Amino acid sequence: MTLVYLSGLALMTDTQTRKKWKQDPEAVQANILAAAAEEFAEHGLTGARVDEIAARTRTSKRMIYYYFGDKESLYRQVLEEAYRKVRSEEAALDLTSLAPLDALRRLVEFTFDHHRANEVFIRLVMIENVHKGRHLSESSLIARVNASAIERIEDICARGQKDGSIRPDVSPHELHWLISAACFFNISNRFSFGISFDKSLFSEPGQHKLRALTCDAVIAAARGKVS
């Protein structure tokens, strides 16, 4: 009877593994998506190997194809899960209980911290841009998931424009772009920027200062004259 490796923890038989698939298929799929995210982030869509993903997980190459179809479908679902996760975490911020500019600052802080802690997410987005967003455009889920990001800023803008704390000529999409640009660049370009200019910006003190500076920049761009 063939033995298979289970996430570096134990040896199981093929029969035991198939039983695990049937008992908890959602956990198996989540495990595959997590391993696939690492593989795609490290090697890109073209360089990633399904054999390697199977080796990192509780399942087999055959079962990966059973759950996800082909490699491109798996990659698309990895993207969907990455965006779903960040939007879910944003939803937990409870921004509606904060004053508009305080809510905006909290959102910037969250985005800065999230991107620092989730390099795999940044790499996946970079890879998708290499592919000109083709897989994002093919997804029926991502547009709906990402709509919540704009809805949150729309609420902040509406409340801030009503009380005068946010200027009337700034749009939610512009603020989202500004937040994303700074927080994303901080991770996507840290090696080239650090080597070319100043590595100290990516030390803990440097990152703490950049976090505050990013918040101040976004708030300054959004701020209106309180009447």
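Predicted model: local features only at pLDDT ≥ 70, side-chain atom pairs only at ≥ 80, totals over all residues.
Me: What is the volume of the second largest pocket?
Reply: A pocket is an open set of points on a 1 Å grid over the protein atoms alone, where a 1.4 Å probe fits and protein lies on both sides within 12 Å along at least five of seven lines. The points are joined across faces, edges and corners, and a volume is the space filled by probe spheres set on them. For the second largest pocket, that comes to about 330 Å³.

Me: Which element gives the largest share of the second largest pocket's lining?
Reply: Lining residues have an atom within 4 Å of a point, and this pocket has 16 of them, with Ala37, Glu81, Ala82, Lys85 and Val120 closest to its centre. Two or more residues each come from α2 (25-47), α5 and α7. Helices here are DSSP runs of H or I with at least four residues, strands are runs of E with at least two, and both are numbered from the N terminus. The largest share, 6 residues, comes from α2.

Me: How many residues in that lining are nonpolar?
Reply: Ala, Val, Leu, Ile, Met, Phe, Trp, Tyr, Cys and Pro count as nonpolar, Asp, Glu, Lys and Arg as charged, and the others, Gly among them, as polar. The lining of the second largest pocket has 3 charged residues and 3 polar ones, and its nonpolar count is 10.

Me: And what is the volume of the largest pocket?
Reply: We use the probe again here. Rolling a probe the size of a water molecule over the atoms shows where empty space is left. In the largest pocket, the volume is about 410 Å³.

Me: Which residues are closest to the centre of the largest pocket?
Reply: This pocket is lined by 23 residues. The elements giving two or more of them are α5, α6 (100-117), α7 (119-130), α9 (142-163) and α10 (172-188). By type, the lining splits into 12 nonpolar, 7 polar and 4 charged. Closest to the centre are Tyr83, Arg87, Phe121, His176 and Ser180.

Me: How many helices does the protein have?
Reply: Start at the N terminus and the elements run β-β-α-α-α-α-α-α-α-α-α-α-α-α. That gives 2 strands, and the number of helices is 12.

Me: Is Ser73 buried or exposed?
Reply: Ser73 is found in helix α5 (residues 71-91). Buried means under 20% relative accessible area, exposed over 50%, and partly exposed in between, using a 1.4 Å probe and protein chains only. Ser73 has a relative accessible area of 16%, so it is buried.

Me: Which residues is Ser139 in contact with, leaving aside its neighbours within four places in sequence?
Reply: Ser139 lies in the loop between α8 (134-138) and α9, and it counts as buried because its relative accessibility is 8%. Contact means heavy atoms within 4.5 Å. By that rule, Ser139 is in contact with Arg76 and Glu80.

Me: What is the arrangement of the Tyr66 and Tyr67 rings?
Reply: The structure holds 7 aromatic pairs. Rings of Phe, Tyr and Trp (its six-membered ring) pair if their centres lie within 6.5 Å; planes under 30 degrees apart count as stacked, over 60 as edge-to-face and the rest as tilted. The Tyr66 and Tyr67 rings have centres 5.5 Å apart and planes at 65°, so the pair is edge-to-face.

Me: What is the centre-to-centre distance for Tyr67 and Phe68?
Reply: This pair is edge-to-face too, with 65° between the planes. Phe68 counts as buried because its relative accessibility is 4%. From the Tyr67 ring to the Phe68 ring, centre to centre, it's 6.3 Å.

Me: What phi does Lys132 have?
Reply: Most residues other than glycine have a negative phi, and most peptide bonds are trans. Lys132 lies in the loop between α7 and α8, and it counts as exposed because its relative accessibility is 78%. Although Lys132 is not a glycine, its phi is positive, at about 60°.

How values were computed
Residues numbered from 1 in each chain as written. Heavy atoms only, no water.
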